[in-house]
Amino acid sequence: MNSIPEDVKRTAVEKSYLTPEMAISDEGVGIDLFINAMDTTAGERQGVDCIFGVYPAELKAIQDWVSVLAPAGRLTLVCPVEDHPKTIWLEMAGLVNRLTWEVDGWWVLTGCKRVPARESVQQAYSAKALSQSGCDCGCTDGGCCSPGEVSLESLGSVEWVGGYSDAEVAEVPAEAAEFSLGCGNPIGMAGIKPGETVLDIGSGGGLDVFLAAKRAGPSGHAIGVDMTPAMLQRARNSAKRAGITNVTFRHGFAEHLPVEDSSVDVIISNCVINLAEDKGKVFAEAYRVIKPGGRLEVNDMVFGGPVPQGIRTSKAGWSECISGALPEQEYVDLVRQAGFSDVRVTRSTSHGEASGVPVYSVQVSAKKD
Ligand SMILES: C[S@@+](CC[C@H](N)C(=O)[O-])C[C@H]1O[C@@H](n2cnc3c(N)ncnc32)[C@H](O)[C@@H]1O
C-alpha cells in the first residue's frame, strides 16, 4: 500500500476530536506525530475511545473494531481514493454521525458508536410534558432547556435563554409560551412568508409551531413532529383551546420524519437535534423533505471543542441537551455532507461550560439548492 501522506494523518486526527483522557488505538495509520502531547492510556474506563485504521477489505474487520469501541467511541479510517471504500460498511457496523473527506488522493472516514439515549430522553420529556412548568426532572430554577441556570453537578452549568421578544410571546397561547424548552429562537432567522409550509423537528409544547403558523397565515401550514406522545397531546390541546387550525402535530422521530419528500419550504428546530443519537441521519432526512430552494433554520447546542468521553455518555446530560451536543465544526460538517449549501452559523442565546469546555447555542442556516 502507498504510504499515508502527512496531511491525511493530520485530517484524521483533527476530525477525531481527541481529548487527553481518551484511550486511543492506532492500527497502522501512524498518527503518533500528531498526538505526542497526549496521554493515551485507557484510564479507568472500559473500551477504546478512538481507533485509527486503514480501510479493510472485509466488513468483519470494521465490526471487530467497533466491538471494542466504548459507547460514543470513534472509528477513523483512511483509504486511497482508488480503493473506493464501501461507506455503507460504517452504517452496517452500527456507526452514527458518519463523515468523509477527500485529502491528497485519500479518503478519511469517521463514525461514532451509538449511545443508546432515546428511551431515557423520551422519559425525561414525557415527565416535563406532564408537569405544569416543564421542569420535572430534579433540575433547579427552571432548567432542563428552559430559562434559568441548570447545575449538572459533575458536568458544569448552562444558562438557558430562549430569546423571544415580548411581541412574539404575546402572539401565541400563554400555555405554550410558558412552556419553552428551547435554547434560542429559530423563528427570528427563518423569514417565514405567507403560504409557506413549515416543519418543526421536536416541536415540544408547540411554541415555535404556533409562531410559524402565524407567519405562514391561513394559506400556509406548520407541522410539528415529536417522538414524545405526552408532548404532542399538550401541543394539540393548546391548538384546540386557542382555535388554531393551520397546524398539525405528528408523532415521529427526527431520524425518520413522517413527512413526504420535497414537501416543506422551511425546517425549524429548537434544541432537539443534539438529543438524536444519529444527527447525520436527521440532516439527511431534513434534506429529503425540504423542497429544492427551501431552507433549514435550526437552533441547537454545540461544544466549542472536543467533548470529553465522560460527558458524552452521561444519561442525565443527554436529557439536559448537553451530552449529545457535538463540537461545532462536526455539527456543521454533518449539515454540509447531508447536501445543504450556503451553511452559516451564528451564536445564539444560551451558553455555559461542561467539564471546562464551552457549550453554547448556535443558529445554523442552510439551503437546499
Ligand atoms: C428540549 S425539548 C425542545 C422542545 C421545543 N422545540 C421547544 O423549543 O420548546 C426537545 C423535544 O424534542 C423531542 N425529541 C427529542 N429527540 C427527538 C427525536 N429523535 N425525534 C423527535 N423528537 C425528539 C422531545 O420529545 C422534546 O419534546
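Start with Glu320: is this residue buried or exposed? It counts as buried because it has 27 C-beta neighbours inside 10 Å; the cut-offs are 20 or more other C-beta atoms within 10 Å for buried, 12 or fewer for exposed, and partly exposed in between, with C-beta atoms placed from the backbone.

Before going further, a word on what you're looking at. This is a predicted model, where local features need pLDDT of at least 70, side-chain atom pairs count only at pLDDT 80 or more, and totals for chains, interfaces and linings use all residues. Residues are numbered from 1 along each chain as its sequence is written.

Keep Glu320 selected: it sits in the loop between α12 (315-319) and β13 (326-327). Helices (H or I, at least four residues) and strands (E, at least two) are DSSP runs, numbered from the N terminus.

Pick out the 5 strands of an open sheet with mixed pairing, in the order β1-β2-β3-β5-β4. β1 (24-27) and β4 (95-103) are at the edges with a single partner strand each, so one side of each has no neighbour in the sheet.

Zoom in on β4 and β5 (residues 106-113), an antiparallel pair with 7 bridges; strands pair if DSSP finds at least two bridges between them. Select Val96 and you'll find Cys112 of β5 opposite.

Last, colour by pLDDT, the predictor's confidence in each residue from 0 to 100. The protein averages 91, and 90% of the residues score at least 70, but residues 135-144 stay under 50.

Definitions and conventions
Two residues are in contact if their C-beta atoms, placed from the backbone, lie within 7 Å.
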